[in-house]
Amino acid sequence: MADTAFHFPDPGLHIGVLGMLLEEEIITEEPIRTVLAEIAGEDEFERLGLGVQALHGISISEDQLAEVTTLHFDGGNAIYMVLEECVECDTGGETDDYSLRSLEGIGLLLNLTYLDLSGHGFHATGIDLAPIANHPALKRIDLSGPVLNVAALESVTTLTKVVVAPSDDPTVFDRLKARGVSIEDD
């Protein structure tokens, strides 16, 4: 594979992917700590915001993207704890700074089989599932909060299980169930 560097448009998604790479020991804490070492400021939440920006600046290679099979967003993930330690801020992982706002670019995770949106990153306005359309490997998705463009799930032919949440078209879940996809309530 070419050594192309990627940056997901949404910092929450980008940091979540970095977190999975860290969890799976595909990357080490060293590059994370290095970019965070220069963060300074009087206000801890300003430092946290700058830290999020710094992590968003870390490139993810195509080879690393291919290693991601699971993606979940939880304020207790190691990436958030390293960030908070380095910028000397303690939110316990519970801050909107880490929120997932967009799934744009998720199609780059060609081997992603499990996407868990039930943890950290809930949004009352809903997350748009359109970027999931035609994903080549996704087998399971756990939803949280309202979701938009839930019909995109119908184009994911590998899907075997969905944990549902309020959506813009709840009849999609009935059609998925008729297709043999396991549907569970949150």
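**Close-up views of a predicted model**

**View 1**
Everything here comes from a predicted model, where local features need pLDDT of at least 70, side-chain atom pairs count only at pLDDT 80 or more, and totals for chains, interfaces and linings use all residues. Residues are numbered from 1 along each chain as its sequence is written, and side-chain values use heavy atoms, with hydrogens and water left out. Helices and strands are DSSP runs numbered from the N terminus (helices: H or I, at least four residues; strands: E, at least two). Asn77 has a relative accessibility of 8%, so it counts as buried. For the cut-offs, buried means under 20% relative accessible area, exposed over 50%, and partly exposed in between, using a 1.4 Å probe and protein chains only. Skip the neighbours within four places in sequence, and Asn77 is in contact with Met20 and His72; contact here means heavy atoms within 4.5 Å.

**View 1. Asp10 and the residues around it.**
Look for Asp10 in the loop between β1 (5-6) and α1. With 6% relative accessibility, Asp10 counts as buried. Apart from neighbours within four places in sequence, Asp10 is in contact with His56, Ser99, Leu100, Arg101 and Ser102. Asp10 and Ser102 are 92 residues apart along the chain, yet their C-alpha atoms are separated by 5.8 Å. The Asp10 side chain also makes polar contacts with backbone nitrogens: that of Gly12 at 3.2 Å and that of Arg101 at 3.3 Å. A polar contact is a pair of N or O atoms within 3.5 Å; within protein, one must be able to donate a hydrogen and the other to accept it, and residues adjacent in sequence count only if both atoms are side-chain atoms.

**View 2. Where α1 meets α5.**
The axes of α1 and α5 are 8 Å apart, and the two helices pack at about 105 degrees. That makes α1 roughly perpendicular to α5. Axes are lines fitted to C-alpha atoms, for helices over the stretch in contact, with angles running from 0 to 180 degrees between N-to-C directions. Angles under 35 degrees count as roughly parallel, over 145 as roughly antiparallel, 65 to 115 as roughly perpendicular, and the rest as oblique. On the α1 side you'll find Ile15, Gly16, Leu18, Gly19 and Leu22, which meet Ala78, Ile79 and Tyr80 of α5. By type, the residues of this contact are six nonpolar, two polar and no charged. Here Ala, Val, Leu, Ile, Met, Phe, Trp, Tyr, Cys and Pro count as nonpolar, Asp, Glu, Lys and Arg as charged, and the others, Gly among them, as polar.

**View 3. The largest nonpolar core.**
This core has 54 residues, and Leu129, Ile141 and Leu153 touch the most other members. Two or more residues come from each of α1 (11-23), α2 (29-36), α3 (44-56), α5 (78-87), β8 (161-164) and α6 (171-178). The largest share, seven residues, belongs to α1. A nonpolar core is a set of buried Ala, Val, Leu, Ile, Met, Phe, Trp, Tyr and Cys residues joined through side-chain atoms within 4.5 Å. Leaving out neighbours within four places in sequence, the contacts of Ile141 include Leu115, Leu117, Leu129, Leu153 and Lys161.

**View 4. Two side-chain pairs, Ser59 with His7 and Thr95 with Asp97.**
Ser59 is in the loop between α3 and β2 (60-61) and counts as partly exposed at 38% relative accessibility. Its side chain makes a polar contact of 2.9 Å with that of His7. Not counting residues up to four places away in sequence, Ser59 touches Ala5, Phe6, His7 and Gln64. Thr95, in the loop between α5 and β4 (114-116), is buried with a relative accessible area of 12%. The side chains of Thr95 and Asp97 are joined by a polar contact of 2.6 Å.

Most residues other than glycine have a negative phi.
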